[in-house]
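Dear colleague,

I am passing on to you the structure that follows, together with an account of what was found in it. Please read the notes below with the coordinates open beside them.

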Amino acid sequence: MEQTAHSLSKVPDARGRFGPFGGRYVPETLIAALDQLWAEYQRATQDPTFHAELEHLYRHYVGRPSPLYYAERLSEFCGGARIYLKREDLNHTGAHKINNSLGQALLTVRMGKRRVIAETGAGQHGVATATACARFGLECVIYMGEEDMRRQRPNVFNMRLLGAQVVPVTSGSRTLRDAINEALRDWMSSVETTHYCLGSVTGPHPFPQIVRDFQSVIGKETRSQCLEQFGRLPDWIVACVGGGSNSAGMFYPFIDDDVKLLGVEAGGRSSRLGDHASTLCYGRPGILHGTYSYVLQDEDGQTADVHSISAGLDYPGVGPEHSYWKETGRVTYTNVSDRQALEAFQTLARLEGILPALESAHALAKAMELAPTLGRDQVIVVCLSGRGDKDTQEVARLLGHDFA
Amino acid sequence: MSAVSTVFQQLRQHGKKALMPFLTAGDPNLEFTEEVIQLLSEEGCALLELGFPYSDPIADGPVIQASYTRALRSGVKVDAVFDTVARVVPKVATPIVGMVSYAIVLRRGLQRFVEAARSSGLAGLIVPDLPVEESSELRAVCDEADLDLIQLITPTTPRPRAIEIAQKSRGFIYYVSVAGITGERSELPATVVENVAWLRQQTDLPICVGFGVSRPEHARMVAQVADGVIVGSAFVRRISEAATRPKEEVLRELQQFARSLLSALDTAPQSLSQRD
């Protein structure tokens, strides 16, 4: 057990493999840029000034460490285990995404590139990247599916205020997956002058590792906050999984510990292909967006359409490290429906005065289901990956309110 | 010797260059694709590249991407593409290579996909999202089936890496003219000639240039140094009009376009084309 657990944190290998998952499945045009990024990242991680600068930004710009909050009324309501919330929603720009965007912006500057492109689903990564670019004076272009632009109008406006150009993507399902395709195509044509700030632990090596490392600040802080606040590690950690960046950042520092890790995917309307975005629950290994990982696809290998109430989880792939954790059994993956997430959203708002992002509401719904099955001495930490302001318009629509 | 190698050997003997049109299988339907393959083969295209439609292409520009979407919406499946190839191969003298995303190959399984490709009569495979370091497994399976796995080299490929890719390619080398996606361009970068001339010194393998090659003057320029040109979006765009125009008209236009490219290749200066 000790040995297996130990080896689980020693990935990826030199070729970007997490067990069989990961790697690089991209056109040759992009290989040189991925090599350049990998070389710069390795140099940066050896450079104390890089760490100091990122640390400074986290503390004074993002507002880290984010609190670990004991949700007392929610815990009483559920009964059983005590529920704590890791408040990534309190970060500058309202989600965990800023952790990664700032890190990659620093790498962009180090590589001498002046233009950054990114894709966004719910808009949180787009806003975070636009923010980081504004902070460093970088040109910023954000690709966003038209359907997501409709669902996330406030974030589109915010990105424009921050000086980014938001490019609507009209191909395919007009959601995150198509936005990533479009960003990759832009990168194919601009690779010598442009950095692609990928927003999740997906994509070709080295992105899954880089994004995980930048997001690991969540898990590291949680670890020391748990030790400080209740003198031990938690029993359970629950986080939502779309592409999987908040959960990877939360889980990774606990991988070698005796802590149960639970990833919650978007169960959508039903378990029928096209009605959900539960890649690890219902998909199978395949290729999407440059990496070998679980994918929702048809019998020919064509990527399936997905659905979720949450634009940020509406993705038919997942980070390769999650696939590795699933296959090794280290992390359990499950899902909750749109309806359960919407209920959890409202419950947290009423009981704790916190509007969670619809993404985070998925993790919360599962924690609320889990808590009553556990004893009062047990502790569940939920990664509250983002705040729900961006979702209120969509929630109002779903609840049948006229939100003029 | 593979069918692809045989074609290039014959072309070299006659001092000629290959025109390789790219077509999307099943746009607007597989019957039309079959007709176009026969037409272009009869016109004298030395090779044909047939794209398996894929839901998430990264290397392709809007014209080819839209053709994939149309083909998939009309219900084109991988098996139906193989059936079409099997039907048309006995009717044409032109070898056909398949252009396919690795997601599709992997879903079926490497062995099974390559077997199907071979028994349908495909002469080779181009897998644009499979870089050389990930390709050894598929290469071994292709080698065993005597199917050419054609590798790509781009302007962003460092030269030592280009040599490694050239060594691992079979049939021909696909040289990508621009650091970018597929699509018609008014001009090709001037560096194409220089880069291909350099590559020409490194390998005996035929070199074909694609991405952006869309006009007779491009074909003439590239044929100075390369063994062939691959023209995709310019054909696919004309085919896309088949849905709204009389079929015969579209076929006539394809024929004229192919002829204009072929005659440009025939009149290209050829002094730089052979390895010294």
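I begin with a contact between the chains: Arg17(A) forms a salt bridge with Glu134(B), in which the closest N and O atoms are 2.6 Å apart. This pair crosses from strand β1 (residues 17-18) of chain A, where Arg17(A) is placed, to the loop between β4 (124-126) and α7 (136-145) of chain B, which holds Glu134(B). Please keep in mind throughout that the model is a predicted one. Glu134(B) also forms a salt bridge with Arg15(A), and there the closest N and O atoms are 2.9 Å apart. As a general point, side chains of opposite charge can pair when their charged atoms come close.

These two pairs belong to the interface of chain B and chain A, across which seven salt bridges are found, while a search of the whole structure gives 56 salt bridges over all chains. Residue pairs in polar contact across the interface of chain B and chain A, with both residues at pLDDT 80 or more, number 21. Which elements of chain B supply the side that touches chain A? At least two residues each come from α3 (62-73), α5 (102-108), β6 (152-153) and α8 (159-168) of chain B, and of the elements of chain B it is α5(B) that gives the most to this side, with six residues. Sorted by class, the side of chain B that touches chain A has 19 nonpolar, six polar and nine charged residues.

As for the extent of the interface, 34 residues of chain B are in contact with 33 residues of chain A, and the area buried between the two chains is about 3000 Å², of which 49% comes from carbon and sulfur atoms.

Turning to the sheets of chain A, one of them is an open sheet of four strands in the order β7-β6-β5-β8, with parallel pairing. Because β7 (165-169) and β8 (194-196) of chain A stand at the edges and have a single partner strand each, one side of each is left without a neighbour in the sheet. From one strand to the next the twist averages 25 degrees. Strand β6 (residues 139-145) of chain A is joined to β7(A) by five bridges, the two strands running parallel, and Gly145(A) has Val169(A) in β7(A) as its bridge partner. Helix α9 (residues 176-190) of chain A lies across β5 (115-120), β6, β7 and β8 of chain A, and runs at about 160 degrees to β5(A).

Another open sheet of chain A has six strands in the order β3-β4-β14-β9-β10-β13, and its pairing is mixed. Its edge strands are β3 (68-70) and β13 (331-337) of chain A, each of which pairs on one side only, and the twist averages 30 degrees from one strand to the next. Within this sheet, β4(A) and strand β14 (residues 379-384) of chain A pair in the parallel sense over six bridges, with Lys86(A) standing opposite Cys383(A) in β14(A). Helix α10 (residues 207-230) of chain A lies across β3, β4 and β14 of chain A, running at about 135 degrees to β4(A).

Finally, some points of backbone geometry may deserve a look. Most residues other than glycine have a negative phi, and most peptide bonds are trans. The peptide bond from Val11(A) to Pro12(A), however, is cis, with omega near 5 degrees, and Pro12(A) is found in the loop between α1 (2-8) and β1 of chain A. In chain B, the peptide bond from Asp27(B) to Pro28(B) is cis with omega near 0 degrees, and Pro28(B) has its place in the loop between β1 (18-24) and α2 (30-43) of chain B. Thr93(A), which is not a glycine, has a positive phi, near 75 degrees, and is found in the loop between β4 (82-87) and α5 (97-110) of chain A.

With best regards

Note on methods. Residues numbered from 1 in each chain as written. Chains lettered and ligands numbered in written order. Predicted model: local features only at pLDDT ≥ 70, side-chain atom pairs only at ≥ 80, totals over all residues. Heavy atoms only, no water. Pairing = 2+ DSSP bridges. Axes fitted to C-alpha atoms, helices over the stretch in contact; angles between N-to-C directions. Contact = heavy atoms within 4.5 Å. Buried area = accessible area lost by both parts, 1.4 Å probe. Salt bridge = Lys/Arg side-chain N within 4 Å of Asp/Glu carboxyl O. Polar contact = N/O pair within 3.5 Å; in protein donor to acceptor, adjacent residues only side chain to side chain. Nonpolar A, V, L, I, M, F, W, Y, C, P; charged D, E, K, R; others polar.
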